[in-house]
Amino acid sequence: MHELSDIELLQALKNSQEAAFNEIYRRYWYQLLVAVMKTVRSESDAEDIVQELFESLWKRRSELQ
């Protein structure tokens with residue numbers, strides 16, 4: 001089985017496939033954390049922000065285009 005592209009993952013996420021969300025989380029959590037930490041300079045605050053971002057992504061998955 002091939003690794004899904006980001007576009008394929010987003011389509012699967014839009015169709016409420018939890019495995020797609022988990023893969024997006026696995027691929028991008030750390031990168032997002034590092035980027036946010038550069039701005040907020042607090043690991044715990046950055047973790048909260050990234051967590052909220054992923055919660056919002058899941059809640060708004062049907063709106064993805």
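This is a predicted model: local features need pLDDT of at least 70, side-chain atom pairs count only at pLDDT 80 or more; totals for chains, interfaces and linings use all residues.

Author: Below, each label is set against the cut-off behind it.

Reader: Fine. What is the pattern of the protein chain, read along the sequence?

Author: It goes α-α-α, with three helices and zero strands. The C-alpha atoms fill a box of roughly 35 × 25 × 15 Å along the principal axes.

Reader: Why is E52 called exposed?

Author: The relative accessibility of E52 is 52%, and exposed means over 50%, so E52 counts as exposed. You'll find E52 in helix α3, residues 43–59.

Reader: And why does D48 count as partly exposed?

Author: D48 has a relative accessibility of 44%. Buried needs under 20% and exposed needs over 50%, with partly exposed in between, so D48 ends up partly exposed. D48 lies in helix α3 too.

Reader: What makes a patch of negative charge on the surface, and which residues gather in it?

Author: The residues are E43, D45, E47, D48, E52 and E55. Asp and Glu count as negative, and a patch takes residues with over 30% relative accessible area and no salt bridge, like charges being joined within 9 Å.

Reader: How do you know whether Y30 is buried or exposed?

Author: Its relative accessible area is 57%. The line for exposed is over 50%, so Y30 is exposed. Y30 sits in helix α2, residues 18–40. From Y30 to E47 it's 9.5 Å, C-alpha to C-alpha, and 17 residues in sequence.

Reader: On to the inside. Which residues make up the largest nonpolar core, and what makes it a core?

Author: There are eleven: L9, A12, L13, A20, F21, I24, L33, V36, A46, V50 and F54. The label asks for buried nonpolar residues joined through side-chain atoms within 4.5 Å, and buried means under 20% relative accessible area. Helices α1 (6–14), α2 and α3 each give two or more residues to this core, and α2 has the largest share, five residues.

Reader: Why would such side chains end up together?

Author: In soluble globular proteins, nonpolar side chains tend to be buried together.

Reader: How much of the protein chain is buried?

Author: Of its 65 residues, 23% are buried.

Terms used. Residues are numbered from 1 along each chain as its sequence is written. Side-chain values use heavy atoms; hydrogens and water are left out. Patches are made of residues with over 30% relative accessible area and no salt bridge: like charges are joined within 9 Å, nonpolar side chains (Val, Leu, Ile, Met, Phe, Trp, Tyr) within 5 Å. Accessible areas come from the Shrake-Rupley method with a 1.4 Å probe; for residues, only the protein chains shown count as cover. A salt bridge is a side-chain nitrogen of Lys or Arg within 4 Å of a carboxyl oxygen of Asp or Glu. The place of a charge is taken as NZ of Lys, CZ of Arg, CG of Asp or CD of Glu. Helices (H or I, at least four residues) and strands (E, at least two) are DSSP runs, numbered from the N terminus. Buried means under 20% relative accessible area, exposed over 50%, partly exposed in between (1.4 Å probe, protein chains only).
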